[in-house]
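Dear colleague,

I am handing over the structure below, and after it you will find what was found in it. Please read the notes with the structure open beside them.

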Amino acid sequence: MKIYDVIIIGAGVVGTAIARELSRYELKTAVLEKEIEPAFGVSKSNSGIIHPGTQNHCNSLKGRLCVEGNKLMRGIAHELGVDFKEVGELIVVFNKKDIPRLIKLKEEAEKLGVPKIQIVGRGWLKEHEPNLSKKAIAALYAPTAGILSPYRLVYDMIENAQNNGVEVYAQQEVIQIKPSKIRGSKKQGYFEIITSSKRKFKTKYIINSAGLFADDISKLAGIDDFKIKPRKGEEFILDKKKEHITNHLLFPLPAKKSKGVLIIKTSAGNPMIGPTACDCVDKYDLSTTDAGLKKVLSSVKRMIPSISHKDIIAYFAGLRPAAGEDFIIRHEDKVPGFINVAGIQSPGLTAAPAIALMACAILRQQGVNLKKKKIFHKTREKTTHLFEMPFSHTEKIIKEDPDYGDIVCRCEMVSAKEIKEAIKRGAKTLDGIKFRTRAQAGRCHGSFCTCRILKILAENSKRPITQITKKGAGSEIVLEKRCND
Amino acid sequence: MIKQRELVIVGGGPAGMAAALSAYKNGVKDILILERDEYLGGILNQCIHPGFGIDYFKEILTGPEYARRFINKLEQVPRIEVSLRSFVVDLTKDKVLTFLKPGSFNRIKAKALIMATGCREKTREMVHIPGTRPAGIFSAGLAQKMINIEGLIPGKKVVIVGSGDIGLIMARRFVLEGAQVKAVIEIQKQSQGLLRNVVQCVQDYNIPFFCQHKISKIHGNSRVEKVSVVKVDKNFKTVANTEFEIECDSILISVGLIPENELIEMAGVKIDKNTNTPVYKGLNKTSIKGLFVCGNSYKVYDIVDSVSSDSEKAGQSAAEYLKRGKK
């Protein structure tokens, strides 16, 4: 049986960032994912914000990794062809008595090394954020905040890691981890991992980046000293017509448990409002509520009064995998070879590249020889999206490939070619196609294009249409097929 | 140099076809219909039930039969060019259209333009139904297309939200396909669809019809498992202690239609934010001269017969506009 050097458990943004980083080295690396596709856990409901590093305690690990990650992310996005936009953020206050808190946030951020931050007043806000409530008197402006598509980042990182030799196994829920010592020797042995589909994997090192389930995985390895407490966040997506309702990411002053309810610009154009923050017990509870909607609407209307519930075209809930205040990133000396990367809630997306470097440093400390590969493909061919290119370019690529002129999703302008390409690059489900291409993500929510996508998916993956799912086994769309083509 | 056409019609459903034929009859000799689908007829193709044509043809026809009458007439007029699989992606105030076809990128300028782009259905998200987001939630029209065009059965135990006509018709359709329709749930005091559909599609099949009720939660992570339903008062507020659950594997959403006017909005036509329809005096007219809107994108009609007759007026108006331009 093949013995891996490193197995990463969990293909979210953290696991895939580590996988991509490790793929630079002469290591046998694999990623195990419980869901059918990467990014289907915590990462799929991420807000897509690349935080500058504000709103973190100056001595926190997450604060440091966030500031470092913000710098690193630009390079990664460029290498992988992920659209990163530096839009800047404003933490807005409405009351004179809150200005000292703003100053304190600024000082903390400066201690962490957040660059170029400044406090701006009413005049600046009026000019640069015209839809902002007149009651906003000042804001902390952090120009290095940015946005990108969290799932496209995950898909692009894992694709690049695979291209550099990392193996990925989906639908492999880890149910057992057996540490084994080589008898009579001080030398470290290897772990045996058993998954729900009865597959066995052997590896010298394990990196646990299992998100919401990181405590369960850690427990399997014998470390049971932290608990992941899911904290639910509901987010509401607005129509693309409202793309320019703000110019920056807008934050209120941070709340106790979260950064508060925000107005978020997204890489797709649609603004997003949310998230709520509500502790819950069920790691599968992704339901949205009336109360969540009310809370989000009233909070954002304070900043942008013109936002209306009529602008909402979609919503979802995500769970932050919180394990106390800070990230847990450490080698577990009691179980040599086992590394926990847990409790990665916000700003986990931003920090992911820095977390990956930290994981490498831990491996090096543990004696792993990180020898650079002779050939590392650091770039990948950028995925083509019609919705983000000028018409002159659209004209050119339709001439090269007629499928680009075959529009499937009319709301988001996604062609048959892009859908086939997504399937080629690993999409297996309707959600996988939506996250990669934006087909079904617009204002009609798939009413017009679902049939066509089902057919393209069935045909291109050589599966019957009744087996096509929304997001993995049990979420089949078609229950019965009545006729033969 | 951008190619110029006398009259371009976007949409080859009942509205677009009626407008084209009428414009031709009124003297326009260069007409282009851009249809995004592979066939003309639009949504009529998936409406395989009878009930169409009573006013217009004084006969009872099915949707495809009604469409076929117009397609046959169009085929006899070579001056009306039909371009299928043609998807308009951009429109300017000068009526320059950019459209894509498999293998080609096209730009044309229309002297007169009629938009007959129909409607989209309101989604679950637009009426804010709380709960999870599993597989098994369909707009009624999508379910209709799956069954009637693709031969795919999307559900076996169905709850229908809203009592728009498509929802009512799909209640009967699912029963005929052997599925169980567990309930139709309507938040208003009475059905939003035509009375004949309430009688023929729901009552005749003994389908439970709950007025003044709403879904308070959707359950199920992978596939829909059940819904929680509550009674509401006349202000749509939940009545306490009235919650009950219905087990089901699918939910059809039939809570109304929204005219699709994003293209003309892009061109600068004034749009009413509430109805998503053009704001201007006079049938089919918009704030841009020579740009007309007809059919369900002008306003949501109850029956296709009125779409056809009103759209004929759009064709006539476009012809008159072109004639005035020549003088």
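**The contact between the chains**

The contact takes 41 residues from chain A and 38 residues from chain B, where two residues are in contact if their C-beta atoms, placed from the backbone, lie within 7 Å. This is a predicted model, in which local features need pLDDT of at least 70 and side-chain atom pairs count only at pLDDT 80 or more, while totals for chains, interfaces and linings use all residues. Residues are numbered from 1 along each chain as its sequence is written, and chains are lettered from A and ligands numbered from 1 in the order in which they are written.

On the side of chain A that touches chain B, β18(A) gives the most, with five residues; helices (H or I, at least four residues) and strands (E, at least two) are DSSP runs, numbered from the N terminus. Two bridges join β23(A) to strand β11 (residues 152-153) of chain B, and these strands run antiparallel; strands pair if DSSP finds at least two bridges between them. Within β11(B), I153(B) is the bridge partner of E480(A).

**Two helices in chain A**

The axes (lines fitted to C-alpha atoms, for helices over the stretch in contact, with angles from 0 to 180 degrees between N-to-C directions) of helix α1 (residues 13-22) of chain A and helix α8 (residues 348-365) of chain A come within 8 Å and cross at roughly 45°. The two helices α1(A) and α8(A) are therefore oblique to each other, since angles under 35 degrees count as roughly parallel, over 145 as roughly antiparallel, 65 to 115 as roughly perpendicular and the rest as oblique.

With regards
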